[in-house]
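Good morning, colleagues. I would ask you to look at the structure on the screen while I go through its charged and aromatic contacts.

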Amino acid sequence: MNLHNIDITVSAVKKTQYPQTGMPEIAFAGRSNVGKSSFINKMVGRKKLARTSSTPGKTAQINFYNLDKTIFIVDLPGYGYAAVSKQEKQRWGHMMEEYLNTRRQLVQTVLLVDSRHKPTKDDIQMLQWIRHRHGFAVVVATKIDKLSKKQVEENLGLIYETLQLTDDDVLLPFSSQTGEGRQEAWELICDLMDVEMPKLQ
């Protein structure tokens, strides 16, 4: 898989706008300020593929990124941002539920959580849905560069306990600043999607 051949195919707000290629998809979910866009950019080696913002909640669509006409990376709207109106939250919730519950091409949903904080009720709810849909959970703990090694170990333990992870689940520490966890994340994605490992730079 060639990471040079990447583009955004569509930003969808409803089912009729989803890509119709039939390619397998891996989706990323998490709170509005968890760093999903930074994670995606780091994974594919681009600075501005996924749009980042200092204002949480900017991603108001489901963004489909086509990787070398092989797989789609799907960036879901962030949840849990208090400044968004109740009506907007409901719209986002419906948009996500429609995708997550009906998309047959969806191979795995990955939950991103902030390694600095205890997972929220929204994170727990999303984790439960992921396990129900996929049988096991994949969790990426972001922003580990902001913690000491001891704090990383302690916080990963808290995340594991709070989300009630099991030996069947995967918990992966990650930093979009240093790239720690990038190789392991790609190995996991390629294994799940049954695709060739890209050459990372």
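I begin with a network of salt bridges that links D114, R116 and K143. Please bear in mind throughout that this is a predicted model.

Is D114 buried or exposed? Its relative accessible area is 11%, below the 20% limit, so D114 is buried. R116, by contrast, counts as partly exposed, at 33% relative accessibility.

The search of the whole structure finds 5 salt bridges. Another of them joins the side chains of D169 and R131, at 2.5 Å from N to O. This pair links distant parts of the chain: D169 is in the loop between α4 and β7, R131 is in helix α3 (residues 121-134), and they are 38 residues apart. D169 is buried, with a relative accessible area of 10%, whereas R131 is partly exposed at 25%.

I turn now to the aromatic side chains. Across the whole structure, the search finds 6 aromatic pairs. One of these is formed by Y18 and Y99, an edge-to-face pair with 5.6 Å centre to centre and 85 degrees between the planes. Y18 lies in the loop between β1 (6-12) and β2 (25-30) and Y99 in helix α2 (residues 86-102), so that the pair links distant parts of the chain, 81 residues apart. Y18 and Y99 are both buried.

For F39 and F174, the ring centres are 4.7 Å apart and the planes stand at 65 degrees, so this pair is edge-to-face. F39 is in helix α1 (residues 36-44) and F174 is in the loop between β7 (170-173) and α5; the pair therefore ties together parts 135 residues apart in sequence. Both F39 and F174 are buried. Ring pairs also link Y18 and Y99 with F64 and F72 in a cluster.

Finally, the surface. Which residues gather there in a patch of negative charge? They are D145, E180, E184 and E187. Of these, E184 lies in helix α5 (residues 182-193) and is partly exposed, with a relative accessible area of 41%.

Thank you for your attention.

Definitions and conventions: Residues are numbered from 1 along each chain as its sequence is written. This is a predicted model: local features need pLDDT of at least 70, side-chain atom pairs count only at pLDDT 80 or more; totals for chains, interfaces and linings use all residues. Side-chain values use heavy atoms; hydrogens and water are left out. Patches are made of residues with over 30% relative accessible area and no salt bridge: like charges are joined within 9 Å, nonpolar side chains (Val, Leu, Ile, Met, Phe, Trp, Tyr) within 5 Å. Accessible areas come from the Shrake-Rupley method with a 1.4 Å probe; for residues, only the protein chains shown count as cover. A salt bridge is a side-chain nitrogen of Lys or Arg within 4 Å of a carboxyl oxygen of Asp or Glu. Lys and Arg count as positive and Asp and Glu as negative; His and the chain ends are not counted. The place of a charge is taken as NZ of Lys, CZ of Arg, CG of Asp or CD of Glu. Helices (H or I, at least four residues) and strands (E, at least two) are DSSP runs, numbered from the N terminus. Buried means under 20% relative accessible area, exposed over 50%, partly exposed in between (1.4 Å probe, protein chains only). Rings of Phe, Tyr and Trp (its six-membered ring) pair if their centres lie within 6.5 Å; planes under 30 degrees apart count as stacked, over 60 as edge-to-face and the rest as tilted.
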